[in-house]
Amino acid sequence: MSATSSKRPLRIGLVGYGFMGRAHSNAYKRVNDFFDLEYRPVLEAVCGRDRARAAVFADQWGFASVETNWKVLVERADIDVVDIASPNDTHAEIAAAAAASGKTIFCEKPLGRNLREAEHMVEAVERAGVRNMAWYNYRRVPAITLAKRLVDEGRLGRIFHYRSTFLQDWTISADLPQGGQALWRLDSSVAGSGVTGDLLAHCIDTAQWLAGPIGSVSAMTETFIKERRHQQTGKLEPVSIDDASAFLARFESGALGTFEATRYARGHKALYRLEINGENGSIAWDLEDLHRLQYFAHGNEGALRGWRSIHMTAGDHPYMQHWWVPGLQIGYEHTFVHQVADFLAGLSCPGAAAVPTFREALATERVVDAVLRSAETGRWQDCAARRYTSAD
Ligand code: SOE
């Protein structure tokens with residue numbers, strides 16, 4: 001921060017220096033360049049187990065200091081926000097300690113490895129009364145924010161169908177090891193689950209935000225490659241994450257949903273798609289064309305009826321007045337900038353909570369848990385039924 005800055009500093013302690021650590025750091029660095037805010041994130045410390053790698057990261061991104069033990073980081077008096085961008089098995093413990101030390105907490109999705117950890121995290125932040133936010137970044141794609149506006153304005157009318165898929169193909173090779181650096185998403189002891197917690201969690205978060213609570217689900221999952229060599233032990237070990245997961249959903253509103261995520265869809269790298277069909281209209285969106293919202297309005301256009309492809313680059317589109325001139329689009333990294341901007345704006349408005357809070361993210365965890373239980377039992381599962389408490 002420049003010595004002359006009039007902004008109020010918000011000192012960030014980032015845990016994790018992987019892909020998400022980079023996405024969050026970029027957001028902290030860019031946000032004040034484009035948004036007029038009272039607060040400014042200051043990159044105070046990055047924490048990672050490997051000091052040399054953390055130091056390289058700190059140097060590249062401009063963090064003032066390095067820690068190798070998150071327990072030290074969460075106690076530091078010069079840190080306001082603990083941002084958890086480390087693998088899933090660390091989230092619950094770090095969040096509980098950071099809450100106890102009075103920090104604001106940001107946590108990369110999913111909250112924990114399972115519902116029990118997620119519930120403990122919600123209890124911890126609410127008991128301590130600290131601000132908290134989960135990084136479900138796709139809500140801040142301008143097209144998805146506009147979709148939310150259209151639904152809330154009643155333009156679609158009653159919603160009948162919600163369909164969503166998240167397709168990847170990066171784990172098809174049986175030679176890919178599981179576990180360790182960059183591959184912890186394949187190790188269930190670290191990740192919790194496979195594509196259900198990693199990819200479907202995004203689809204579920206967006207779905208419940210746009211179309212309301214999911215009441216019950218019927219799911220199936222599959223693990224196509226049953227054994228992989230573990231990167232850390234070198235041994236061939238059983239794979240216990242779900243490689244693919246699909247479920248039917250009944251929304252509390254009466255709408256029907258279909259959801260699918262896989263890392264075995266050859267040719268797709270990160271194709272997140274959604275479509276909503278309502279009585280008066282439909283909307284569709286996909287991540288490969290993230291700057292377009294497809295919209296069909298049922299009306300009296302006669303022979304000219306059809307889907308509109310809205311190019312989300314005008315000043316009256318959500319967030320877009322902060323970026324370039326009409327016609328010039330933005331991308332993936334901007335969704336994280338928007339989430340930080342919303343959080344910082346909320347700090348200047350007493351009572352405003354930047355969403356999703358941990359409690360809101362817990363609603364996603366409940367559906368993830370119900371999906372995994374349904375796949376295991378072969379039965380429909382009620383999403384609200386299961387509760388864990390601190391006694392578990
Ligand atoms: C997995 O490949 C992954 O990076 C997820 O972990 C992210 O949450 C998703 O946005 C993109 O895919």
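The legends below describe close-up views of a predicted model.

Residues are numbered from 1 along each chain as its sequence is written. In this predicted model, local features need pLDDT of at least 70 and side-chain atom pairs count only at pLDDT 80 or more, while totals for chains, interfaces and linings use all residues.

**View A. The shell around the ligand.**
Gln168, Asp198, His202 and Ala270 surround the ligand. A residue is taken as near a molecule or strand if its C-beta atom, placed from the backbone, lies within 6 Å of it. By class, the shell holds 1 nonpolar, 2 polar and 1 charged residue. Ala, Val, Leu, Ile, Met, Phe, Trp, Tyr, Cys and Pro count as nonpolar, Asp, Glu, Lys and Arg as charged, and the others, Gly among them, as polar.

Helices (H or I, at least four residues) and strands (E, at least two) are DSSP runs, numbered from the N terminus. A residue is buried if 20 or more other C-beta atoms lie within 10 Å of its own, exposed if 12 or fewer, and partly exposed in between, with C-beta atoms placed from the backbone. In helix H2 (residues 51-61), the buried residues are Ala54, Phe57 and Ala58. They cover an arc of only 100° around the axis, which puts them on the same side of H2; the arc is that of the directions from the helix axis to the C-beta atoms. Ala52, Asp59 and Gln60 are exposed residues on the face of H2 turned away from its buried side. The buried residues of H2 are covered by elements including helix H1 (19-34), strand S2 (39-47) and strand S3 (65-67).

**View C. The open sheet.**
The order of the 9 strands in this open sheet is S16-S15-S14-S13-S7-S12-S11-S8-S17, with mixed pairing. Strand S16 (308-311) and strand S17 (381-382) stand at the edges with a single partner strand each, so one side of each is left without a neighbour in the sheet. Two strands pair if DSSP finds at least two bridges between them. S14 and S15 run antiparallel and are joined by 4 bridges. Gly281 has Ala297 in S15 as its bridge partner.

**View D. Helices H6 and H8 against the strands.**
Helix H6 (residues 142-152) has the buried residues Pro142, Ala143, Ile144, Thr145, Leu146, Ala147 and Val151. Their cover includes helix H8 (195-211), strand S14 (281-286) and strand S15 (292-297). Two residues are in contact if their C-beta atoms, placed from the backbone, lie within 7 Å. H6 lies across S14 and S15 and runs at about 165° to S14. H8 lies across strand S7 (159-167), strand S8 (214-222), strand S11 (244-251), strand S12 (256-262) and strand S13 (271-278), and runs at about 155° to S7. Axes are lines fitted to C-alpha atoms, for helices over the stretch in contact, and angles run from 0 to 180 degrees between N-to-C directions. After H6 comes Gly154, with a positive phi near 80°.

**View E. Tyr319 and Met320 in one loop.**
Met320 lies in the loop between S16 and helix H9 (333-347), and Tyr319 is also found between S16 and H9. Met320 is buried, because 22 other C-beta atoms lie within 10 Å. Leaving out residues up to four places away in sequence, Met320 touches Pro142, Met312, Thr313, Ala314 and Gly315. Met320 and Pro142 are 178 residues apart in sequence, and their C-alpha atoms are 7.4 Å apart in space. Tyr319 is not a glycine, yet its phi is positive, about 70°. Tyr319 counts as buried, with 21 C-beta neighbours inside 10 Å.

**View F. Backbone details in other loops.**
Most residues other than glycine have a negative phi, and most peptide bonds are trans. A cis peptide bond, with omega about -15°, joins Lys109 and Pro110; Pro110 is in the loop between strand S5 (104-108) and helix H5 (115-128). The bond from Val355 to Pro356 is also cis, with omega near -5°, and Pro356 lies in the loop between H9 and helix H10 (358-377). Ala182, a residue other than glycine, has a positive phi near 70°. Ala182 belongs to the loop between S7 and helix H7 (188-191) and is exposed, with 11 other C-beta atoms within 10 Å.
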